[in-house]
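Welcome, and thanks for taking a look at this one with us. Please keep the structure open beside you as you read the notes below.

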Amino acid sequence: MRRLAVLLGLTLAGCVPPPPDLAPLVDIGARTCPDIPSTDAAAAAFIEPDGKLHFADVDGGSPCLKTPEGLSLYTAFRFAPGGAPAAVGVASVPQGRTLLAPRVYVLDDAGRVVREISADSFLYRGGMLATLLRLRPDDTAIVVASFPPAIGQGVNRIQSLAQATTVNTGRGVLVWTSGTEAALHHTLAHNGRVRIELYKLPP
Amino acid sequence: MVCRLKGLTTLGLLLLLGACAVPVIPYDRGATPVKTLAVLTPGWPTAGPTAYLATSPAQSFGLVGALVGAAIQANLDSKFRDSIGGQNFDGQEVFRSRMLAALKARGYEVVEASARTDRTDFVADGYGNLAADAKPDAYLDCIVGRFGYVAAGVTDKAPYRPFLGLRCRMTQAGGTTVLMRDAIIYNPQVTAAGFVGISPDPAYVFVNSDLLFADPEKAVKGMQDAIDKVTDALGTLLK
């Protein structure tokens, strides 16, 4: 019970410092961008299906992409094709007032886009804008790109939080519970932080 | 994404997520298309809607505090159910019909399969013996864990807002292959990546329980909003 209480306290009481604020990038400006994303070794990190979390920042220096909806910034990840059934969790992580407006392209070994995960497939998970997709045998790369039509839009959310604070009295641990809520506002932008997780699925 | 909050369920804050220690399984409709979907009668909390107080000072005082807290909770739930009794609102039926509509809107041919509504977990012994109007490609088994209103605490900074927790699993017919498994919570009280969290509509807020009990019409509209948005999100997960 004590261990649970400490875990609860650490998880819910806000011990993790908030991320630094980031100004939303809503205008990429005039850039010449290819219409095919690059997923070569220099541009894309290689990830394993081990359930570890990987992060990448998308900013003004990130590679750009010409899409039918406008210019977009992106980051890419590669992984080994085939193998055991696996899924990818992709999330846009708030950075202060900024939240990257995400969409995902899935590429095959030849670098062709074989699937697009549209922006409306993203839902909030753990305060992040996230989607999950099951990988197919020929999938070899994921591109997380900003979605131009959503750039500049504001998002308002309410986050309730039940908290537990643990106090060591010397003769035991006292758990004090309380609750509060916060109003959150984010601007969807070309920039932000991307979290990706590749994990195995039951066969 | 793997839910890493299994231990917290024992403290009562995540009762509706009792099975969240397993990884989320996303559905790939392109790879395994389902045309005819048998939807089980959703599991539903037998006690009815709640006015749940997620935390209270009583919880800090051991067994005696737990007993006091349980009594306070029972009183809140009773008053809430009495207050909305005249609204002719059948949350279970509204949820069922809204879920079916959301699935049909995503292009599924939906047939209903009868199942016990008082179950608190997915059907364990397969779906082959369930009666359905047509031979389905897959079964969708969904359970609403808690439903009603929740306040994160007892102060004005933690008002009552609508609340609904749903877990679903879609299993391929004729086997045990799980095509999708996920959870959705309207107005979650914690942040975790193991479930979809829907922000509550700011229109449906009550600073305290007395104000909640005093406006049953608005209270019911808030619960309707929770049902609509959770079933919409389910449609998104299965699109």
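This is a predicted model: local features need pLDDT of at least 70, side-chain atom pairs count only at pLDDT 80 or more; totals for chains, interfaces and linings use all residues.

**Helix 4 of chain B**

- The buried residues of helix 4 of chain B are B:Ala219, B:Val220, B:Gly222, B:Met223, B:Ala226, B:Ile227, B:Val230, B:Thr231, B:Ala233, B:Leu234 and B:Leu237.
- Around the axis these residues cover an arc of only 160°, which means that they sit on the same side of helix 4 of chain B.

**The five-stranded sheet of chain A**

- Here five strands of chain A make an open sheet with antiparallel pairing, and their order is 2-14-5-10-9.
- Strand 2 (53-58) and strand 9 (123-125) of chain A are the edge strands, each pairing on one side only.
- On average, neighbouring strands of this sheet are turned by 35° against each other, with direction ignored.
- Within the sheet, strand 5 (residues 86-93) and strand 10 (residues 128-134) of chain A run antiparallel and are joined by six bridges.
- To find one of these pairings, look for A:Val88, whose bridge partner in strand 10 of chain A is A:Leu133.

**The three-stranded sheet of chain A**

- A further open sheet has three strands of chain A in the order 6-13-12, and its pairing is mixed.
- Strand 6 (98-100) and strand 12 of chain A stand at the edges with a single partner strand each, so one side of each has no neighbour in the sheet.
- From one strand to the next, the twist averages 45°.
- Three bridges pair strand 6 of chain A with strand 13 of chain A in the parallel sense.
- A:Leu100 is found opposite A:Ala189, which belongs to strand 13 of chain A.

**Where chain A meets chain B**

- Contact between the chains involves 38 residues of chain A and 38 residues of chain B.
- Several elements of chain A each supply at least two residues of the side that touches chain B, among them helix 1 (2-12), strand 12 (154-168) and strand 14 (192-200).
- Strand 13 of chain A gives the largest share of that side, eight residues.
- By class, the side of chain A that touches chain B is made up of 20 nonpolar, 12 polar and six charged residues.

Notes. Residues are numbered from 1 along each chain as its sequence is written. Chains are lettered from A and ligands numbered from 1 in the order in which they are written. Two strands pair if DSSP finds at least two bridges between them. Helices (H or I, at least four residues) and strands (E, at least two) are DSSP runs, numbered from the N terminus. Axes are lines fitted to C-alpha atoms, for helices over the stretch in contact, and angles run from 0 to 180 degrees between N-to-C directions. Two residues are in contact if their C-beta atoms, placed from the backbone, lie within 7 Å. Ala, Val, Leu, Ile, Met, Phe, Trp, Tyr, Cys and Pro count as nonpolar, Asp, Glu, Lys and Arg as charged, and the others, Gly among them, as polar. A residue is buried if 20 or more other C-beta atoms lie within 10 Å of its own, exposed if 12 or fewer, and partly exposed in between; C-beta atoms are placed from the backbone. The arc is that of the directions from the helix axis to the C-beta atoms.
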